[in-house]
Amino acid sequence: MTVPAGSIPVVEFRGIEKVYGDGDYAVRALDGVDLAIHPGEFTSIMGASGSGKSTAMNVIGCLDVPTAGSYRFRGVEVGVLTQDQRALLRRHFMGFVFQGFNLLARTTALENVELPLVYRRVPARERRRRALDALGQVGLSDRATHTSAEMSGGQKQRVAIARAIVTRPSLLLADEPTGNLDSKRSVEIMELLTSLNRERGITVVMVTHEPDMAEYGSRTILFRDGKIVSEGVAA
Amino acid sequence: MIWLTLSMALREIRRNAMRSFLTMLGIVIGVGAVITMVTIGNGASAQVRKEVSSLGEDLIMIRPGADRGPGGVREAAKSFESDDVHAIRSEVPGLIAVTGSASRSATIVYGNANWSSTVTGCDMDYLTVSGHTVAQGRTFLPTELVSATPVCIIGTTVQKELFGVDDPLGLRIRVGTVSCQVVGVLAEKGESSMGQDKDDTILMPLATFQRRLAGSTDISSIQLKVAKNQSVNVVQSQVEALLAERRRILPGKPNDFSVRNVQEIASAMSSVTTTLTGLLGGIAGVSLLVGGIGIMNIMLVSVTERTREIGTRLAIGALGSEVLLQFLVEAIMLSVLGGIIGIVTGLGASYLVTSMMAMPFVVSAEIVLGAFAFSMVVGIAFGYLPARQAARLNPIEALRHE
């Protein structure tokens, strides 16, 4: 996939380092990572546990700050932002999908999907319309009033994806989205993510340890010992 | 956003209805207890005032012994004599009734029945002053008052205890060592606010009491009723001056007797109930504090339980301050809901108690508003710590929390 010249990357790492602890016990989770993710890409991040892939994901998602190096999100230097400013960045430009779904307990699918819009101060009627629309896009229009206890794992993850895309984010971050699902549901979720990426142009970054899942992406990055060791572009 | 935060908190409370109710219970009991105590106390105060005032605001009571105020010890002092009563009657203008009386407790016997009651030696002005009326029979005759005839008028309690349903008029009973004839029965007056049975009494002519029962000419109490157009305070100071002179109190020395009007007595008595009310209300207030600690405890548990949820909210883009507000509003809502339920149950309970004890039901708006405000403050004070803890969670760790 070729990147149009002059387009600003969504994510741009330059010499990113993340060190936990200090002195002899210091752990270099990220050790000088350079990375650029452009709009419309579907990037799979792979690596063994402890390779730094999760830390990279947290830094991309502005949940964590790098120890050194420069991270620009849509051209904005994240390193100088306060915690609240980073939260606002997430609120307005990012959507998150987690391995454990993280839906609110005893809350309907519709209310779960509405949650990010609540923090965006979207009026109730508009909120409801957009949440129903997002549920429609993940094929769960008929489950709007079901609580998470009344849904299967695959359905819960679809609700989580609806929650992540309801704000029309610039970047969708998926952390092992199929980790808790059987292979059939995994394929369905991956197909959903792929179609959202292709048809709606949503930029996706996904962390996974399953090569099968990584193949759905347009590009795969492999982490080892805090460094990117290989980068392959899907055929 | 405020509205949304409120509805979010309400949903959270409903999601855990049983636990929320138990959490609120501490506040419900605390507020309920404060409201009940204070309302009943106010009712008692009001009743004391009403009752003492019903004797008439124009009453003056004189007793031997210096007055030390409520709770003070009354020093032993010389009793009054009949001459003191005569002197007041002839020298102080503007009095409708002047009565000197003496009383003591005695055992009253009729047939096999006996009963212990208070015997008061008095004249007929005593009825005017004390508000008693004779329901059956007659009052004392002037000759009986002078010649110390053994006759008596009994209250309805004494009547019931000795005679049951029989007619006591004309029968002879033994009062202490004196055999005397029942000539009248007083009309029923019921209980005083202090729980004293006003019908448990026997009246006999003062002379009879002094000569046959007490064996002395002492008078332990003088009561005056002031005429409508007279100032109670003026009469009071005149009586004070007269008695001081008669009892040879040197100028500048404290009196060895007390002259008080009904207003003063009423306020002294209600100040006792007010103090008690404050004390009980304070004790009840402590339970409000305990209720607040209960809220803090549950909110801390809730923050721990919902760590992943908080992590999710933070990842979605909630600010720390928004998470803080959410938990704070939840705590405040719990305590305020508890406060409202407490106010309602407290008012209900005190209404029941006051109506059972035939007391006036006095709702004090200040105490209701105060209890409400206090429960809100409890919510803020005890909800803040857990809320801050939630707001300070690290989103990465919160998301990883199992």
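1. The model is a predicted one. Over all chains, the count of aromatic pairs comes to five. One of the pairs is Phe96(A) with Phe98(A): the ring centres are 6.0 Å apart and the planes stand at 10°, so the pair is stacked. The angle decides this, because planes under 30 degrees apart count as stacked. Phe96(A) is buried, at 9% relative accessibility, and Phe98(A) is buried with a relative accessible area of 9%.

2. A further pair is in chain B. The ring centres of Tyr351(B) and Phe361(B) are 5.0 Å apart with the planes at 85°, so this pair is edge-to-face. Tyr351(B) belongs to helix H11 (residues 320-356) of chain B, while Phe361(B) sits in the loop between H11 and helix H12 (365-391) of chain B; the pair therefore ties together parts that are ten residues apart in sequence. Tyr351(B) is partly exposed, with 48% relative accessibility. Phe361(B) is also partly exposed, its relative accessible area being 32%.

3. Helix H1 of chain B covers residues 2-15. Its 14 residues reach 20 Å from the first C-alpha to the last, close to the 20 Å expected at 1.5 Å a residue. Which residues of H1(B) are buried? They are Thr5(B), Met8(B), Ala9(B), Glu12(B), Ile13(B) and Arg15(B).

4. Helix H8 of chain B has 15 residues and a reach of 21 Å from first C-alpha to last, close to the 21 Å expected at 1.5 Å a residue. Its buried residues are Val232(B), Val235(B), Gln236(B), Val239(B), Leu242(B), Leu243(B) and Ala244(B). What do the buried residues of H8(B) pack against? The elements are strand E1 (59-64), helix H3 (82-91), strand E2 (95-110), strand E9 (221-226), E10 and helix H9 (262-305), in chain B.

5. Glu240(B) is placed in helix H8 of chain B. The residue is partly exposed, with a relative accessible area of 28%. Leaving aside neighbours within four places in sequence, Glu240(B) is in contact with Asn255(B), Phe257(B) and Val259(B). Its C-alpha atom is separated by 16 Å from that of Gln230(B), ten residues apart along the chain.

6. Arg247(B) lies in the loop between helix H8 (232-246) and strand E10 (257-261) of chain B. Is Arg247(B) buried or exposed? At 8% relative accessibility, Arg247(B) is buried, because the cut-off is under 20%. Its side chain reaches the backbone oxygen of Ser79(B) at 3.5 Å. Not counting residues up to four places away in sequence, Arg247(B) touches Pro64(B), Ala77(B), Lys78(B), Ser79(B), Phe80(B), Asp256(B) and Phe257(B). Arg248(B), which follows H8(B), has a positive phi, near 55°.

7. Chain A has an open sheet of four strands in the order E2-E1-E4-E5, with antiparallel pairing. Strand E2 (27-37) and strand E5 (76-77) of chain A are the edge strands, each pairing on one side only. Within the sheet, strand E1 (residues 11-20) and strand E4 (residues 68-73) of chain A run antiparallel and are joined by five bridges. Glu12(A) stands opposite Arg72(A) in E4(A).

8. A hairpin in chain A closes these notes. Strand E9 (residues 219-224) and strand E10 (residues 227-233) of chain A run antiparallel, with six bridges joining them. Arg224(A) has Lys227(A) in E10(A) as its bridge partner. How many residues lie between E9(A) and E10(A)? There are two, and Asp225(A) in the turn has a positive phi of about 50°.

Technical notes
Residues are numbered from 1 along each chain as its sequence is written. Chains are lettered from A and ligands numbered from 1 in the order in which they are written. This is a predicted model: local features need pLDDT of at least 70, side-chain atom pairs count only at pLDDT 80 or more; totals for chains, interfaces and linings use all residues. Side-chain values use heavy atoms; hydrogens and water are left out. Rings of Phe, Tyr and Trp (its six-membered ring) pair if their centres lie within 6.5 Å; planes under 30 degrees apart count as stacked, over 60 as edge-to-face and the rest as tilted. Buried means under 20% relative accessible area, exposed over 50%, partly exposed in between (1.4 Å probe, protein chains only). The expected span of a helix is 1.5 Å times one less than its number of residues. A polar contact is a pair of N or O atoms within 3.5 Å; within protein, one must be able to donate a hydrogen and the other to accept it, and residues adjacent in sequence count only if both atoms are side-chain atoms. Contact means heavy atoms within 4.5 Å. Two strands pair if DSSP finds at least two bridges between them.
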